[in-house]
Amino acid sequence: MTTPGIQTALVIDDDPAFNRILCRTLALHGIDCVGTHDGASALQEMRRHRPDAVILDLNLAGSSGLPLIAPLREVRPDTRIVVLTGYASITTAVERHQAWRAPVPRQTGRLGEHPARAHRLSQRACRGHPA
């Protein structure tokens, strides 16, 4: 089964287990996936593969993943970018995002601990639906 409009994806997450789970889930849907664990390798893979979609962890090794959005968009402006967070509560996510002045995510939780939830989220993201 392929997803219309999405044939390739880049997963940027510093949690190796979650990165693998999400890439495997996308592959089950016919989406070629490359996983990276940091900003430098993410930009390198973005230039190399020019994916249709990017799934970006909000917190990469203690730093915000949000500054990667602009350089990712410079490589391919039409790439769909989904930002995930593993913050345990909406309150924590809101506090962090207010500090960054960025939109608040609609899904929170430890997706790596819930492969079924990660699967559903990846399906919705690939169809272009909000999380």
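## Surface and overall layout

Accessible areas here come from the Shrake-Rupley method with a 1.4 Å probe. On that basis, the protein exposes about 7,100 Å², and carbon and sulfur atoms supply 52% of this area. Keep in mind that you're looking at a predicted model.

Moving on to the layout, the protein has 5 helices and 6 strands. Starting at the N terminus, they run β-α-β-α-β-β-β-α-β-α-α. Of the 131 residues, 43% are buried. And if you take the contacts between residues at least 6 apart in sequence, 64% of them join residues at least 24 apart.

The mean pLDDT of the protein is 78, with 63% of the residues reaching 70 or more. Among the elements, strand S1 (residues 8–12) has the highest mean pLDDT, at 97, while helix H5 (residues 115–126) has the lowest, at 57.

Then there's the stretch at residues 102–108, where pLDDT stays under 50. The model does give this stretch 20 contacts beyond four places in sequence. Still, where pLDDT is low, the predicted coordinates should not be read in detail.

## A look at helix H1

Helix H1 covers residues 16–28.

At the start of H1, Asp15 gets involved: one of its side-chain oxygens reaches to within 3.0 Å of the backbone nitrogen of Ala17. Along the helix, the buried residues include Phe18, Ile21, Leu22 and Thr25. An α-helix has 3.6 residues a turn, so residues three or four places apart point the same way. Just after H1 comes Gly30, which takes a positive phi of about 80 degrees.

Asp52 sits in the loop between H2 and strand S3 (53–57). Is Asp52 buried or exposed? Its relative accessible area is 14%, which is under the 20% cut-off, so Asp52 counts as buried.

Leaving out residues up to four places away in sequence, Asp52 touches Gly5, Ile6, Gln7, Thr8, Arg76, Thr79 and Arg80. Thr8 is 44 residues away along the chain, yet the C-alpha atoms of Asp52 and Thr8 are separated by 5.3 Å. With Arg76, the link is a polar contact between the two side chains, at 2.9 Å.

Arg47 belongs to helix H2 (residues 39–49). Arg47 is exposed, with a relative accessible area of 54%.

How values were computed
Residues numbered from 1 in each chain as written. Heavy atoms only, no water. Helix = DSSP H or I, 4+ residues; strand = E, 2+ residues; numbered from the N terminus. Buried < 20%, exposed > 50% of the residue type's maximum accessible area, 1.4 Å probe, protein only. Contact = heavy atoms within 4.5 Å. pLDDT = per-residue confidence, 0-100. Expected span 1.5 Å × (residues − 1). Polar contact = N/O pair within 3.5 Å; in protein donor to acceptor, adjacent residues only side chain to side chain.
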